[in-house]
Amino acid sequence: MTDEQLIVEARAGSREAFEALFERYRRPIWQFFRRRASGAARAEELVQDTFVALLEASARYEPRAAFRSYLYGIAYKILQADRRKTRLRRVEPLDIDPPQASTGRPDTALWVRQALAQLAEDDREILMLREYEELSYQEIADLRRLPLNTVRSRLFRARLALKAALVPGGATARSRS
Amino acid sequence: MTANHSPAPEELMAYLDGEQPPEAARYFQGHLATCERCQLVAQDLRLVSNGLRAWHVEEPPDALRVPQLRTDAAPAAAGGAMAAPAVLVRLSSTVWRVVRARPYALSAAAAVVVLVAAALLQPALKQPPPMPVRPAAAPTASDHGSSRPAPLTGGAGGHADASAQAPAEGQATPPAGSLVARTIRLRIVATDLDAARPLIDRVIRDVGGLVGHVDASSAPGAPRFIRATLRVPAARLEEALASLRQLGRVTHESQQADDATEQAVDLDARIANGRITEKRLAELLRNRTGRVADVLEVEREMARVRTEIERLEAQREKLQGRVAYAMLILEAEEERRAKVDLGPIPLRARLRLAAVDGLGSAASTAVNAALLLLRAGPAILVWIALLLPAWWLLRGTKRRRERAIPDR
């Protein structure tokens, strides 16, 4: 059963359908927030908020768009609201509880995070949505309310900058061209 | 990874990301097989992607569970209101977040609730239990044919001011069968005394009353006035008073009620005794067997008794009239309008007066402002202290709602 069919059934009050959707997207949404929120506890709260918001919004869901991008849209809005609240509280978004690498070397994860931190915020967000959430260019454009070409150019710019950060002294492609 | 090469690196990136249409993808596939430069660009892009994917995060905690739904959840209509389970889940989530993240906010909200509840309950706690109220006796016709007067303010024999005209609930009323003679004094400053007299006549005519005495004065240089003694049927006294109050501004109103029950009973008894005496005397006179002098004495006594009975009956009728018709003493005075011609005021004097008035007004304003501050300031501070947490909670709720769902 597709996501769209499940959310339609959940909208009609099916508990099983909603639980199925939760099981499918529990891990991706967790990873979405875990890479962006300041700690595991906060990420857990935001995941809960996302699914609660999904529950609320299910009555308004129109099966014209992919459920996946719809759910990430909710998650992204919640993330933005949380960041805005964090700024209002004048609390720096310190990574007090950095994500743990379940596989791979911890220093690799740290290295990636540091490289991402050097990017402009817009570029970093577009790059992460593409690389981690695997959203399409159009979905990212819809989410960020940007033109499609802008998304593509910024994504390319982010990858170029990240490569320069990942490989010390190596903007190989730039030097080649 | 830049331009000066066809296709552009961004286009190649889109191809590698699967964002090119099938025709273009076939072109890029063929081009990539032969173009070494594009192969290097693709290699760099893959390197970046692979590097990013090296950042794994831990698995979601076990505590992360699906928000609980009620099994009896009613299906929500498409595009309709939020489903009831969603509201409950959302509410519980919000409450839990406030409790965990902002306990001080919860404390403030609880304090507001307690204070408001205390403010609402305080009058109820202070209010004494209601006293049993004796139901007022229904007006009935008296034994002597007179109509029962309406309940009076202050009770029988009392004296009430205009500010306390309406009888209070549970107020004592004359017992059934009692007779009350009422006297009302009404003093009015009339705005238009010329219209007063016709109005008085019309009111008395409408209620079926009588004008006992009228004294009108229109001496030059003195305010005009009308003094009238009116007799108004007791049953329609309030109606007449309401109409007469429209003459102008009521400056004094008093009502007096005299209990005439005892007096009426005494008169009735004396009349009855007199009639019995008269009857016996008449029998003696019919069966006269004594001396002529005795007969003459009986006749004199009969005449005296008859006179006494008639006198008592006249008093009884007068008393009945006092009860049936209340006495209304009306004094209407023309409103005084002082006319003082001071002549032209010099400019200097006017300026001085204006300055004095200005200073007085400024001082009065300052005093009033200080008084207002002292009077209302503490209450305002209390309200700010009460409403600030509520405003904060509302703001938080509004921001949470701003997590708008994308319109799809």
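Which residues does F67(A) touch, not counting residues up to four places away in sequence? They are D3(A), E4(A), I7(A), L21(A), Y25(A), L54(A) and Y61(A), where a contact means heavy atoms within 4.5 Å. Keep in mind that this is a predicted model, in which local features need pLDDT of at least 70 and side-chain atom pairs count only at pLDDT 80 or more, while totals for chains, interfaces and linings use all residues. Residues are numbered from 1 along each chain as its sequence is written, and side-chain values use heavy atoms, leaving out hydrogens and water.

F67(A) also belongs to the largest nonpolar core, which has 70 residues; I29(A), F33(A), L54(A), L116(A) and L162(A) join F67(A) as the residues with the most contacts inside that core. Such a core is a set of buried Ala, Val, Leu, Ile, Met, Phe, Trp, Tyr and Cys residues joined through side-chain atoms within 4.5 Å. A second, separate core holds 24 residues, including I200(B) and L230(B).

Now step over to T50(A), in helix α3 (residues 40-57) of chain A. T50(A) counts as buried because its relative accessibility is 0%, and buried means under 20% relative accessible area (1.4 Å probe, protein chains only). A polar atom of its side chain lies 2.7 Å from the backbone oxygen of L46(A). Among the residues that T50(A) touches are I29(A) and F33(A), along with L71(A) and I78(A).

Notes
Chains lettered and ligands numbered in written order. Helix = DSSP H or I, 4+ residues; strand = E, 2+ residues; numbered from the N terminus. Buried < 20%, exposed > 50% of the residue type's maximum accessible area, 1.4 Å probe, protein only. Polar contact = N/O pair within 3.5 Å; in protein donor to acceptor, adjacent residues only side chain to side chain.
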